[in-house]
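Please look over the sequence and the structure shown below before reading on. The briefing that follows takes up selected local features by topic.

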Amino acid sequence: MTRFTLSRRQTLMTALAAPFVATLPQAVRAAAPMQGAATPKFNRFKLGGFEVTALLAGSRAVPDPQSIFGMNVSPEEFETVSKANYIPTDQAQFFFTPTVVNTGSELILFDTGLNPAGITGALAAAGYQPDQVDVVVLTHMHGDHIGGLSDGGTVTFPNARYVTGRVEFDTWSKADNDGFNGKVKPLAEQMSFMEGGGTVASGVTAMEAFGHTPGHMAYMLESAGHQLVLAADFANHYVWSLGYPDWEVKFDMDKSAAATTRRKMLDMLAADRVPFIGYHMPFPAMGYVEARGEAFHYVPASYQMMLTSG
């Protein structure tokens with residue numbers, strides 16, 4: 001083995017140079033500024049011949065989630081389930097995810113978020129303008145789905161026709177609801193009405209998912225052998241609603257019917273291994289359902305849709 005040694009002269013020169021190296025000026029850099037937490041505004045992928053874009057039109061933290069989810073279970077059970085899934089029990093993060101489907105001939109927007117600013121901002125981030133929207137589909141009439149339709153009487157989507165479920169529209173028409181009366185009713189003459197199994201466009205089929213509201217609809221997308229369900233609000237949280245379909249949810253207008261619908265939809269999604277976008281799932285709001293005994297488990301999508309371009 002070769003040994004390397006310093007001569008006496010080299011050692012002396014190194015020692016003499018050390019103080020000068022230590023005093024050389026150093027570059028002064030300011031600390032990089034904090035940028036703040038950020039979430040992407042859209043997620044786009046191909047589904048056969050369709051182009052699908054999920055839009056984050058809003059997000060907010062909500063306190064005391066058991067006042068909304070798991071209303072019929074004990075605080076101890078709610079805490080145990082939450083802890084097992086690494087989520088707190090004192091607050092939850094809500095997401096609002098309208099979806100755009102470009103069929104190649106029409107641009108279809110499913111739901112409109114809380115307000116015009118949220119949906120137009122998300123559309124702009126994804127490269128769209130409101131006047132490009134050809135069809136607006138309303139899955140149901142809750143405010144976080146119809147809020148972006150108009151602002152002070154000015155419609156957000158001036159070139160669109162509108163589609164919603166017949167049962168849903170008729171039910172809300174008989175109720176005294178300011179949101180429906182102000183946002184939806186003025187568009188009635190531009191609206192067509194859907195039954196379960198009806199088609200918005202080729203490959204876009206309505207699915208009755210009643211319970212959350214009386215005429216709540218989900219939609220099946222099918223193109224070139226690929227499927228995706230736009231699930232809207234049949235399950236409103238990836239653990240406390242999807243994972244435990246019998247747990248009561250405050251916003252379900254018919255809690256028994258909503259639980260029955262959840263089980264039916266979850267059974268179908270799990271058995272057929274069909275991906276779905278859930279309006280309130282953690283953004284980008286897309287995943288799969290795994291059956292686990294009497295319960296279910298949400299499996300977030302990873303790169304699957306990058307491999308299904310048709």
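Which residues make a nonpolar surface patch of about 420 Å²? The patch is made by Tyr 303, Met 306 and Leu 307. This is a predicted model, in which local features need pLDDT of at least 70 and side-chain atom pairs count only at pLDDT 80 or more, while totals for chains, interfaces and linings use all residues. Residues are numbered from 1 along each chain as its sequence is written, and side-chain values use heavy atoms, with hydrogens and water left out.

- Patches are made of residues with over 30% relative accessible area and no salt bridge, with like charges joined within 9 Å and nonpolar side chains (Val, Leu, Ile, Met, Phe, Trp, Tyr) within 5 Å; accessible areas come from the Shrake-Rupley method with a 1.4 Å probe, and for residues only the protein chains shown count as cover.
- Tyr 303 is placed in the segment after strand 18, and with a relative accessible area of 53% Tyr 303 is exposed (exposed means over 50%, buried under 20% and partly exposed in between, with a 1.4 Å probe and protein chains only).
- Strand 17 (residues 286-292) pairs with strand 18 (residues 295-300) in the antiparallel sense over six bridges, where pairing requires that DSSP finds at least two bridges between two strands, and where helices (H or I, at least four residues) and strands (E, at least two) are DSSP runs numbered from the N terminus.
- Val 289 has Tyr 298 in strand 18 as its bridge partner, and the two strands form a hairpin with two residues between them, the turn including Gly 293 with a positive phi of about 65 degrees.

**Backbone features in the loops**

- Most residues other than glycine have a negative phi, and most peptide bonds are trans.
- In the loop between strand 16 (276-278) and strand 17 lies Pro 284, and the peptide bond from Phe 283 to Pro 284 is cis, with omega near 15 degrees.
- Ala 285 is found in the loop between strand 16 and strand 17; although not a glycine, Ala 285 has a positive phi of about 70 degrees, and Ala 285 is buried, with a relative accessible area of 0%.
- Asp 64, in the loop between strand 3 (58-63) and helix 2 (75-84), also is not a glycine and has a positive phi of about 50 degrees, but Asp 64 is partly exposed at 45% relative accessible area.

**Salt bridges**

- The structure holds six salt bridges, each being a side-chain nitrogen of Lys or Arg within 4 Å of a carboxyl oxygen of Asp or Glu.
- Asp 246 forms one of them with Arg 263, the closest N and O atoms being 3.0 Å apart; Asp 246 lies in the loop between strand 15 (226-232) and helix 7 (255-272) and Arg 263 in helix 7, so this pair ties together parts that are 17 residues apart in sequence.
- Another joins the side chains of Asp 252 and Arg 262 (2.9 Å, N to O), linking the loop between strand 15 and helix 7 with helix 7 across 10 residues, and both Asp 252 and Arg 262 are buried.
- Glu 51 and Arg 44 also meet through their side chains in a salt bridge (4.0 Å, N to O), with Glu 51 partly exposed at 26% relative accessibility and Arg 44 partly exposed at 32%.
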